[in-house]
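Welcome, and thanks for opening the viewer.

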Amino acid sequence: MAQERPKPPPLTRSDVAKEYLSAYNAVCALLWFSVLGRVVLLVPITGAESVYEGAGEFTKWAQTVAVLEIVHSAFGLVRSPLLTTFMQVASRLLIVWGVVNQFPAATSTSPFYSSMLLAWSATEVVRYSYFVLNLRGSVPGFMTWLRYNMFYVLYPVGISSEAVLVWKASEAAGEPWKWMGWGLLGIYVPGSYILYTYMIAQRKKVMKGKQTERRNRAVTH
């Protein structure tokens, strides 16, 4: 008589959350890879002024998907602080929907729109890919290095590009929206400082852990 195969253990809440987050991050990595590919192809072929036409609509919705990350943080699916996550997502939604979408004539053909998308998309491809690999328990060393070092260059490029676009939109908006735009730029300084220092702190924490792991392996061998 053939033995019955043992039934697989039932999925736990943690297993379901892990599978969901893996799928979410994989989809987001693909979405931002598409944005990155469009920018890289369009700029040298047709110029920066055509990037919005070729990637703008797609980018708006790819970024809007990130609203789910606020939900993830609020419900404890991820360890990211809710306030920091909200600031990151909200600032980008403001740029794509409230600035570029509302004032395309003043912002969409600017090379700063292209540099912003380039910084965003390169960052997000690495970030989401890192999350997928981390959830699967196998992150190559080079991916960890990219995840926690690229932001030193890409974040200033992205945030400065955003600031220029806000300024351009403010100049085009007229009164009283112009002053609201200037007020928004005033918020960018402390806001960007908070996010940048948070990322630096995260880098130090992760890199210190990696150094400890290497030392422990060297001692045991």
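Start by selecting Y130, which lies in helix α6; helices here are DSSP runs of H or I with at least four residues, strands are runs of E with at least two, and both are numbered from the N terminus. A word on the source before going on: this is a predicted model, in which local features need pLDDT of at least 70 and side-chain atom pairs count only at pLDDT 80 or more, while totals for chains, interfaces and linings use all residues. Residues are numbered from 1 along each chain as its sequence is written, and side-chain values use heavy atoms, with hydrogens and water left out.

**Stop 1: around Y130**

Is Y130 buried or exposed? Y130 is buried, at a relative accessible area of 8% (buried means under 20%, exposed over 50%, and partly exposed in between, with a 1.4 Å probe and protein chains only). Now show what surrounds this residue: with neighbours within four places in sequence set aside, Y130 is in contact with V139, M143, T144, R147 and Y148, where contact means heavy atoms within 4.5 Å.

**Stop 2: aromatic pairs**

Next, show the aromatic side chains. How many aromatic pairs does the structure hold? There are 11 aromatic pairs in the structure. The rings of Phe, Tyr and Trp (its six-membered ring) pair if their centres lie within 6.5 Å; planes under 30 degrees apart are stacked, over 60 edge-to-face, and the rest tilted.

Pick Y52 and Y113: their ring centres are 5.6 Å apart and their planes stand at 70°, so this pair is edge-to-face. Y52 belongs to helix α2 and Y113 to helix α6, so the pair ties together parts that are 61 residues apart in sequence. Both Y52 and Y113 are buried.

F131 counts as partly exposed, at 23% relative accessibility.

To finish this stop, select F151, Y152, Y155 and Y196, which ring pairs link into a cluster.

**Stop 3**

Two packed helices are described by the angle between their axes and the distance between the axes. The axes are lines fitted to C-alpha atoms, for helices over the stretch in contact, and the angles run from 0 to 180 degrees between N-to-C directions.

Select residues 82–100 for helix α4 and residues 111–135 for helix α6; their axes come within 13 Å and cross at roughly 150°. α4 passes α6 in a left-handed crossing, meaning the near helix is turned anticlockwise from the far one by less than a right angle, while clockwise would be right-handed.

Which residues make the contact? On α4 they are R92, I95, V96 and V100, and on α6 they are Y113, M116, W120 and E124. By class, this contact of α4 with α6 has 6 nonpolar, no polar and 2 charged residues. Nonpolar covers Ala, Val, Leu, Ile, Met, Phe, Trp, Tyr, Cys and Pro; charged covers Asp, Glu, Lys and Arg; the others, Gly among them, are polar.

**Stop 4: α2 against α4**

Keep α4 on screen and bring in α2: the two pack at an angle of about 140°, with axes 10 Å apart. That makes α2 oblique to α4, and their crossing is left-handed. The contact comes from Y52, K60, W61, Q63 and T64 of α2 together with V89, R92, L93, V96, W97 and V100 of α4. These residues divide into 7 nonpolar, 2 polar and 2 charged.

While you are in helix α2 (residues 51–64), highlight T59. T59 is buried, with a relative accessible area of 0%. Beyond its neighbours within four places in sequence, T59 is in contact with W32, V35 and L117.

**Last stop: the whole chain**

Zoom out: the chain has 9 helices and 0 strands. Of its 221 residues, 37% are buried.

Note on methods:
Angles under 35 degrees count as roughly parallel, over 145 as roughly antiparallel, 65 to 115 as roughly perpendicular and the rest as oblique.
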